[in-house]
Amino acid sequence: MADQISSLYQPTLAEMVKIEQLTEREKLFTLHLKDGRDLGHRAGQFVEVSVFGVGEAPFSVTSSPTRNGTFELCVREVGDVTRALHRMKPGSIVGIRGPFGNGFPIEEMRGRDLLFVPGGLGLAPLRSLINQVLDERESFGRVIILYGARNPSELLFKDELAQWEARDDVEFHVTVDQPDENWTGNVGVITTLFPKITVNPHNTVAVTVGPPIMYRFVVKELLSKGIQDGRIFLSLERRMKCGVGKCGHCQINNVYVCQKGPVFSYTQLKELPEAI
Amino acid sequence: MSFKAIDKKDMSSFVASLMDEMEVVGPVAKDGKFVFSPVKDYAQLRLDYNITLLSPKEYFLPPEETLLRYKLGETVQSEPVIETKPRVILGMHPCDINATWLLDLAFSTDNLDTNYMEKRKKALIIGLDCNQPCDEHSFCKSMGSLTVESGYDLFLTDIGDTYIVEYGSPAGMELLARHKGAREATEADMARFRAIQDAKWPKFTYKLEMSVSDLPNLLAISYDNPLWEELGEKCLACGSCNLVCPTCYCFDVMDRLELNLKEGERVRRWDSCQLPMFATVAGGENFRKSRADRLRHRFFRKGKYLMEMFGKVGCVGCGRCVRACLVDIDPVEVYNTLKRTCAPRGWAERDVAA
């Protein structure tokens, strides 16, 4: 018997429109919802993606909310669901629940200088915000991007990186831990980019997304630049199984990351020892 | 409020009449212990049970439950699955009624979980008071769950050859009107009822050395207590405490494909925060790596986090976790040890009524 009662766990169907190989391990998936609606996300939110028969997993949305019609997910092949996604072709069907979570506090950023510090795959969620900011460029102050990757072959969105680098209104610096023979740019971990920039600590909002080990060092740099705890934002990766505050997997201390996060200010994180 | 009474000799026909209308779930004996189980025959019912191995939460949150069924093909057809049937859970003790109340809050706050709530809405709860502790492990009195404020439809108290019956809801009142067996309680019944009530409280002696409302503050100053490391050394991280806990509700979600590869379902299954995989993310990071971290998380959830989220403590003092624990980790000892070891560092001593 078909049930008329709505369920938190019922996904909406979406179709793969375009699939691009970004690096050896990451693909960019462009999707649209089959019912024709826009996803309606805020930068920094995530969706639960179902590969029917395999499972469901959370992914941040990498496209900007300012670019409607379709949305994009940047996915590293690392587990069952992501392996199945990587096997998909344009026209393949997945399920989508969400968007979930709080997203980046863009209203607090308007009129201020912005310092973005993505590391590795952390560029995926941050790209959503960066492109929104660039689409609404006049309502923000300086835009500084410090991006670090392990090696040149792991750099994501290389075309966009080149565009950001070419813009006069973006200060873009990139570094890799391990250069290859063609690399002529900066070498070193992401914190080695900090001496290259000066910021006005009273008017800067910093947003960093990357692995936990990076957060420990990047936050230290941001604080030493004089940026206030409450103006430093981080996005946390947790195992959000349900996305709706029930299953318990994403809980850190008293917070369900899927509900109160995944974006937190450093002020909030200081109260959450399990965060980083 | 008027009290009704059902004489034990009339209980069998009352329960038989309930069975005609819906599934009756109640305590039955199993391998020398007790479990909640659907009952077909009144004679199976063991309303004299002390405690069941698992709480009746499995009737609202089954150990494994289908959330979706889908068909694969050109496109995907996916339908939510919400399986419910009318049932009465008979003989739920106050601890389990309190636990159900907490689960109701968890599954209805912010996002309504219809898989749980539809089962819950279709169920009637007939509580049964405890006139003595289950055994030496129960500490329900300390947790404020030897009594129930609400969350039941009818509530029974055994006064010898009769049950005193209280209403907890209009549905309970209707149930009593529809099924024969109840009569008005007499003055003599009520005198025995009051005597039993008075006599039972001193029998519950195993207790916290603090008020339950102090637990969040105690834990707030105990995050770095060395006790967690000590317990982490002992704990086997087997997850038994989670499985038997009436207030544990965390779950994992997985897909299962039929052998024809054309149909499948998504199920949720009870999970345990004590297992290493629980908080591990795809990249391999685990934010509660050690057993000590995970054990502390469980105690904080029960004693602090759920209280902050729902205004109700996450432990009802049923003692099931202690009975299931292979290395005898006992919440009462844990909290009391925290209190003793915290005292020199600013824990305000308070008198706690016996």
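Visitor: Is Asp110(B) buried, partly exposed or exposed, and how should I read that from the coordinates?

Guide: This is a predicted model, and the reading rests on counting neighbours: a residue is partly exposed when its count falls between the exposed limit of 12 or fewer and the buried limit of 20 or more C-beta atoms within 10 Å. Asp110(B) has 13 other C-beta atoms within 10 Å, so it is partly exposed. In the chain, Asp110(B) sits in the loop between H2 and helix H3 (114–121) of chain B, and its phi is positive, at about 65°, although the residue is not a glycine.

Visitor: Where in chain A does Asn253(A), which has a positive phi without being a glycine, lie?

Guide: Asn253(A) belongs to the loop between strand E13 (251–252) and strand E14 (255–256) of chain A, and its phi is about 50°.

Visitor: What does the fold of chain B look like when it is taken as a whole?

Guide: One can begin with the secondary structure and then turn to overall dimensions. Chain B contains eleven helices and twelve strands. Its radius of gyration is 22 Å, close to the 20 Å that the globule rule gives for 354 residues, so chain B is as compact as a globular protein of that length. The C-alpha trace of chain B spans about 70 × 65 × 40 Å along its principal axes. Buried residues account for 43% of the 354 residues in chain B, and among contacts with a separation of 6 or more, 72% are between residues 24 or more positions apart.

Visitor: How is chain B divided into domains, and how many residues bring them into contact?

Guide: The assignment gives domain 1 (4–203) and domain 2 (212–345) of chain B, whose C-alpha centres are separated by 25 Å. In the contact between them, 36 residues of domain 1 of chain B meet 28 residues of domain 2 of chain B. On the domain 1 side, strand E4 (64–71) and H2 of chain B each supply at least two residues, and the largest share, nine residues, comes from H2(B). By class, that side divides into 20 nonpolar, ten polar and six charged residues.

Visitor: What are the corresponding domains of chain A?

Guide: Chain A is divided into domain 1 (12–100) and domain 2 (106–235), with C-alpha centres 24 Å apart. Their contact takes 15 residues from domain 1 of chain A and 16 residues from domain 2 of chain A. The side of domain 1 of chain A has five nonpolar, seven polar and three charged residues.

Visitor: Which residues have the most contacts inside the largest nonpolar core?

Guide: In soluble globular proteins, nonpolar side chains tend to be buried together. Here the largest nonpolar core has 173 residues, and those with the most contacts inside it are Phe116(A), Val207(A) and Ile126(B). Helix H2 (residues 94–108) of chain B gives the most to this core, with eight residues. Leaving aside neighbours within four places in sequence, Phe116(A) is in contact with Leu126(A), Ile130(A), Ile144(A), Ile145(A) and Val207(A).

Visitor: Where in chain B does pLDDT stay under 50?

Guide: Where pLDDT is low, the predicted coordinates should not be read in detail. In chain B, pLDDT stays under 50 over residues 345–354, for which the model has 13 contacts beyond four places in sequence. For chain B as a whole, the mean pLDDT is 92, and 96% of its residues reach 70 or more. The model scores ipTM 0.90 and pTM 0.91.

Methods:
Residues are numbered from 1 along each chain as its sequence is written. Chains are lettered from A and ligands numbered from 1 in the order in which they are written. This is a predicted model: local features need pLDDT of at least 70, side-chain atom pairs count only at pLDDT 80 or more; totals for chains, interfaces and linings use all residues. Domain bounds come from an automatic or database domain assignment. Two residues are in contact if their C-beta atoms, placed from the backbone, lie within 7 Å. Ala, Val, Leu, Ile, Met, Phe, Trp, Tyr, Cys and Pro count as nonpolar, Asp, Glu, Lys and Arg as charged, and the others, Gly among them, as polar. A nonpolar core is a set of buried Ala, Val, Leu, Ile, Met, Phe, Trp, Tyr and Cys residues joined through C-beta atoms within 7 Å. Helices (H or I, at least four residues) and strands (E, at least two) are DSSP runs, numbered from the N terminus. The radius of gyration is taken over C-alpha atoms; the globule rule is 2.2 Å times the number of residues to the power 0.38. pLDDT is the predictor's confidence in each residue, from 0 to 100.
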